[in-house]
Amino acid sequence: MASIQLEREDSISRQQESPRSPEAQVGMKVEDLWDVLEPQLSPTEKLNACFESIPVSSFPPAPSSQVIEIKSDTSLAEAVQILAQHRILSAPVVDVDAPEDATWIDRYIGIVEFAGIAVWILHQSEPPSPRSPSYGKAIDAAINGITKAAGLGNLGPEDAAMTSGNFFEALTTSDFYKNTKVRDISGSFRWAPFLALQKSNSFLTMLLLLSNYKMKSVPVVDLGEGTIDNIITQSSVIHMLAECSGLQWFESWGTKKLSEIGLPTMSPNQIIKVYEDEPVLQAFKVMRRKRIGGIPVVDSGGSKAVGNISLRDVQFLLTAPEIYHDYRSITAKNFLTAVRNYLEKHHEDSPLISGMVTCKRDHTIKELIQLLDTKKIHRIYVVDDNGNLEGVITLRDIISRLVHEPRGYFGDFFDGVLPLPANSRV
């Protein structure tokens, strides 16, 4: 395992420079507001007040390659390729049957994401339920055809995960996979109907959605055009924070040690993990059940991590199924090995190649933000001096320590969105 230990960096030179990036300009707005707020306010109250005063329209636009829309009649196979090619975790789904003058609420039916695709895969690996009204005999026969083609017969919840090396080749070459449309898995969308912000909504609203409400990304809509104007992700917020290094408000918060702000939030025995000799689908099952975006792969002893599998990695089961052909079963360890070899062969950069990224409890929040931004990763594992796992810190954890949700803040904001539909499995 290639373990990268967090290195402390001297930030004096960075602090002396005037921030000029678009993200840093947002930080300067916070700085200006910070200086004029009532001195009796606590630092957390000040940050809340600052971010509540800044509209999300001030957030720098995402690269055009990341503001992608997928039509509802796009096949699941094509959607997987689109997400993988653009290196994005999710994309809004446009209803092709919506009228041209439709409002944004009627134009978008949800967001397709790797989490939902993982749910769909797991559903195919399990025996069809006779009580499920959404799966008729024709689809049941198609699923059984896939599993029989892979030499698996009818898969049960346990041996479903023990997929042979050619299961995903059989799945991805089947007519069932090629003909399944994005709208057909709409029940696996995290939010339905479509949840978005308007340009006039505040930064605080956006930050709370990305932290307390576990959204990976938040679309910002243009009411006049009825279209998406921007997509703000957890990663882009972390990048913004990294660009704010040297500003007074950021330094007063960012120089605190992890242990001072209550991170990590769990104890070692609460870490959700998968063993290296367990089936890789077990990792995705656990992520689905626990509603988390990644999970450490640990050795047989259970205390040392040998790798990390995230929801986005489900793409490698679908875009390169041939790389598992020589394996009798795809364990978590076999999955990591096969994908790393594939990425190195194709000279592709990925966190799966660089290995586990770790830190200690005495590192600062600023150091973590800089590393998360530099490595383009979504989580860092906390270890002790012997390399044993002590916890995990995600982008959401960091954002949740930046602001807090005032009582009754959202009011009726979620009306028509919550609760989730009955057929939602994410």
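In this predicted model, ring pairs join Phe51, Phe59, Phe203, Trp249, Phe250 and Trp253 into a cluster. Residues are numbered from 1 along each chain as its sequence is written. Because the model is predicted, local features need pLDDT of at least 70 and side-chain atom pairs count only at pLDDT 80 or more, while totals for chains, interfaces and linings use all residues, and side-chain values use heavy atoms, with hydrogens and water left out.

A pair of aromatic rings is described by the distance of the centres and the angle of the planes. Rings of Phe, Tyr and Trp (its six-membered ring) pair if their centres lie within 6.5 Å; planes under 30 degrees apart count as stacked, over 60 as edge-to-face and the rest as tilted. By this rule, the count is 13 aromatic pairs. One of them is the stacked pair of Phe51 and Phe203, with 6.1 Å centre to centre and 10° between the planes. This pair links distant parts of the chain, 152 residues apart: Phe51 lies in helix α3 (residues 43–52) and Phe203 in helix α10 (residues 203–211). Helices here are DSSP runs (H or I, at least four residues), numbered from the N terminus.

Phe51 also pairs with Trp249, this time edge-to-face, at 6.0 Å centre to centre and 85° between the planes. Here too distant parts of the chain are linked, as Trp249 belongs to helix α12 (residues 248–254), 198 residues from Phe51.

Notes
Helix = DSSP H or I, 4+ residues; strand = E, 2+ residues; numbered from the N terminus.
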